[in-house]
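Dear colleague,

My notes on it follow.

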Amino acid sequence: MMLRPSMLKTLLGKDLLKLKKNPSALALLGLLVSIALLISLSWEDTPGAADRVCWIVYPASWADSPWTNHLHGHHPSKPRTRVAPLHELADAHGRMQLPPHDYAIELLPLKSPAESDTQAKVVYHYPSGQYSGIAPAAAWFWSSWKQFGSTDVTYDVGYAPYRLPQASNMASLIRKRAIESVNLGLIATMLLLGVQFFTCCHLYVSFSSQDRERGTLMAVALAPVSLFEILTARFIFHLTLGVSVSSLILVIINGPSSVHASSFVVLICVGTAWMCVATMISSFAKSQSVASMLMFCYMLGGGTLFYLATLFPIFRVIQLATFEKHAVVLLYASIKTGQLLVLPLALFLVLTVIWAVLATTVFSRMGWQS
Amino acid sequence: MNATRSMSSPAIGAGSTGPAPEVSARDAMITVRDLVVRFGDFTAVDCVEFSVGRGEIFGFLGPNGAGKSTTIRVLIGCQRPTSGVVHVAGCRLPHDLERCKPSFGYVPDADNHIDEFTGRENLELFAKLYQLNDRLVVDRLLSQLELAEAADVAVANYSKGMRRKLLIAREMLHRPQVLFLDEPTANLDPHSTALVRELLRQLAADGMTVFLTTHNMDEVEEICDRAAILCRGQMVACDTPANFISRYSESKVSVQYSTNGKTHRQRFNLERAEDRGQLADIVRQAHNVRLSSEEFHFEDVFLKITGQSYA
């Protein structure tokens, strides 16, 4: 199990040279980056600010008041804030709704509309434990309050549990472009999973099965290189490639300031998991065509399982044993909130270890001979 | 272990003439004892035994499907034998494969280059894997095998012969103690064939053990010190090419003669009384009799041995 840096360097150099001489793979990677670039350019706001919005919500009776006019005219783009009367965000019962993961600072009059509104209650709406997310907007709000000199209004600060929107009111929220940040997060997740799948699974299988079919893998394995070194070099190469391209896409879509370390942890885990699958596939296939078929079966099997899970509860249990089920959740959560979801991650790692042990065993027994 | 003889089970005419050169245990670079390889019910290699000494060129022959490639796969550690003991360069295989790797080179029957790389890049990759720091080795081998001009061309554009030569160059990079070659001169033009044969002779003279399979019997006659013939997984004979020929040669003559204005041509084996009688009659009765002796080649030996084995 000894790893020699010189051998790893040589094997990595070989893979890098192979990639450089593979224009179709480079073109596809370039295409994925271009898609990310197009998405970010088509976005109205700057990519960094497109993540979350803090809504300043005031009662309808305050509309056209100097105070709300001031808020409308001076609200900053960073932190991203929007000012709206309550009725624009309210459901049929008049209760305020928020797009998922957005924040709100809600102003509630403490007296009836007939009387003069000299007192207000300020309510913060944010996901539990994420005050830091609303803090920049709150800081602006209070400084603006003092600057405007609203000394005649007394206030009280409260906290309200986070509320998700109902479907009936979604259309109006979409018109306000508030929901679009959620879509971007999903697009980013899918794009990153696509990149990881392409580099760590498809390209891995393609390179490995090509090497095996030609006999190059056997020639390398008969040189003084251990099978462990061959596998390690492959893992490092494809993981580095996948994470590099994914990081680029993440930065393009979300902006450098919104990239969380947890996203990299998830990307590395997902890449490693898919490389274990790829090692298994390329160990069973002696030719590229067979490898492609196995790959197709894997994808088709996954798709079928996900579809069946929507119909029969038993398949939802089986679904828990797939990487794809957890990968989407983990990556989306890390991109949107920077959080690492502990339970899915633990399950994911257990699955990865099982696949890694199986893949390494199969590779050493039958995966390198032509 | 005393001197070993490269003989195995049901030998045809084994030991009937002069003995083949023996390989002492100390000099043996390849030792195979009771090698059996089975795939399910099919026995690909059946109790094969032989030894090959240092600096020897050993031909491993047999018809298609005889078990040659399977034996080589065992000898390079790619195939686990069902039973038997295999030593290459002092390492027991497949257990000591990692230790044995620097000691041998393997030229397979189909080339296994990275086609996108140039010839030089292919050789440099393997030079690095063998931790050879001397960059001149690659240049020297490229020019030795007359590939220097095409060194910076992608291997995908090489001819079959050039690919073959590059393969041989690659496996010579680290100067292994034992070189396994599966049909080394297949697809080579006569000039390149002569070049490779001369190269193999030089390597053997420098002490490298060369183990080759070939279907070119001239090659065996020309360069091999010893040859073994495999048939249906069993080694049926092992000797020097000269001994093979002297042991299995037949005195054959070609006769051209005329009777009743017609010209006839016939071959006779003088070792058979019936043929001798017929020939005597022709010489007595026919006109314009012309006799010419026929040379007996290693190919005839091979056909005779494999023919008998299959019969």
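Between the two chains, 19 residues of chain B are in contact with 18 residues of chain A, two residues being in contact if their C-beta atoms, placed from the backbone, lie within 7 Å. On the side of chain B that touches chain A, helix α3 (residues 119–129) gives the most, with five residues; helices here are DSSP runs (H or I, at least four residues), numbered from the N terminus. That side of chain B divides into 12 nonpolar, two polar and five charged residues (Ala, Val, Leu, Ile, Met, Phe, Trp, Tyr, Cys and Pro count as nonpolar, Asp, Glu, Lys and Arg as charged, and the others, Gly among them, as polar).

This is a predicted model, in which local features need pLDDT of at least 70 and side-chain atom pairs count only at pLDDT 80 or more, while totals for chains, interfaces and linings use all residues. Residues are numbered from 1 along each chain as its sequence is written, and chains are lettered from A and ligands numbered from 1 in the order in which they are written.

The predictor gives the complex an ipTM of 0.81 and a pTM of 0.72. Chain B has a mean pLDDT of 85 (the predictor's confidence in each residue, from 0 to 100), and 90% of its residues reach 70 or more. Over residues 1–18 of chain B, pLDDT stays under 50.

Within chain A, helix α10 (residues 261–284) packs with helix α13 (residues 323–337) at an angle of about 165°, their axes 8 Å apart. Axes are lines fitted to C-alpha atoms over the stretch in contact, and angles run from 0 to 180 degrees between N-to-C directions. α10(A) and α13(A) are therefore roughly antiparallel (angles over 145 degrees).

With kind regards

Definitions and conventions. Helix = DSSP H or I, 4+ residues; strand = E, 2+ residues; numbered from the N terminus. Parallel < 35°, antiparallel > 145°, perpendicular 65-115°, else oblique.
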